[in-house]
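Have a look at the model below, then read on.

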Amino acid sequence: AVAPALAQKKPRAVDRFWTSPDLASMPIGSIAMLPVVTFDGNLEARRAVELHLGQALRGSGHRWVSASTAREYLRRAGGDSLLAVIDGSVLKRERIDSLSAPFICQSARARAVLMVRVDQWEQRKLEFNQSGNPTTTVQLKAALVDSTGRLLWSAIGGETLEGPYQDARESAVGVKASGLNNTPMTNQGGAPTFAETLTKLFARWGPEFPKKPAAPAAE
């Protein structure tokens, strides 16, 4: 009777990765990270994901074109309308299609492009008179596509970090003036930062990203 109960307590998977079985036959030397896409145009989320994901993947061995550089290349090639088309494709189906992939890769000056969509970017803060744990949650989807539009790698996952428990019975240590109201202040911790949450998430994603094959040794 104990064994089935223990079997049900397996840790749930928080990420799902997929890698093309033919990836070894499709060597990719350069990758452009396209501007991160959000449903609400959140500039903070876009910049934070581009920064922390770039740091996590820079050891893959590929030649990388940063998101900011790729944005300028694409703007020169097709203006803001091209960027809008890419955003629309990623919002709708997480990646660009095979018709636009050749031109986008050529414009971004890379053999493949990495697209990321932010599906959730949420921070739950507590009022001074609430008890519980503040949380920060991030949910992302990513896709790596080559210049023919073939999907090479994808990732779906997220991370939720909890802050320290907040007890509503703790006394306030001060008052913060805000507009017409005064808000009591406590010495209890708040929600984790988005940077902390992304760092933990990408610590798992980095090792799962395809590495550039080593060059064959000279005879």
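## Salt bridges in this model

In this predicted model, D80 and R75 join their side chains in a salt bridge, with N and O 2.9 Å apart. Side chains of opposite charge can pair when their charged atoms come close. D80 is exposed, at 52% relative accessibility, while R75 is partly exposed, at 33%.

A search of the whole structure turns up 10 salt bridges. Here are some of them, with the N to O distance for each pair.

| Pair | N to O distance |
|---|---|
| D80 and R75 | 2.9 Å |
| R71 and E50 | 3.1 Å |
| D119 and R117 | 2.7 Å |

Take R71 and E50, whose side chains form a salt bridge. This pair links distant parts of the chain: R71 belongs to helix α3 (residues 67-93) and E50 to helix α2 (residues 43-57), with the two 21 residues apart.

Next come D119 and R117, another pair whose side chains meet in a salt bridge. R117 is buried, with a relative accessible area of 7%, whereas D119 is partly exposed, at 31%.

Definitions and conventions:
Residues numbered from 1 in each chain as written. Predicted model: local features only at pLDDT ≥ 70, side-chain atom pairs only at ≥ 80, totals over all residues. Heavy atoms only, no water. Salt bridge = Lys/Arg side-chain N within 4 Å of Asp/Glu carboxyl O. Helix = DSSP H or I, 4+ residues; strand = E, 2+ residues; numbered from the N terminus. Buried < 20%, exposed > 50% of the residue type's maximum accessible area, 1.4 Å probe, protein only.
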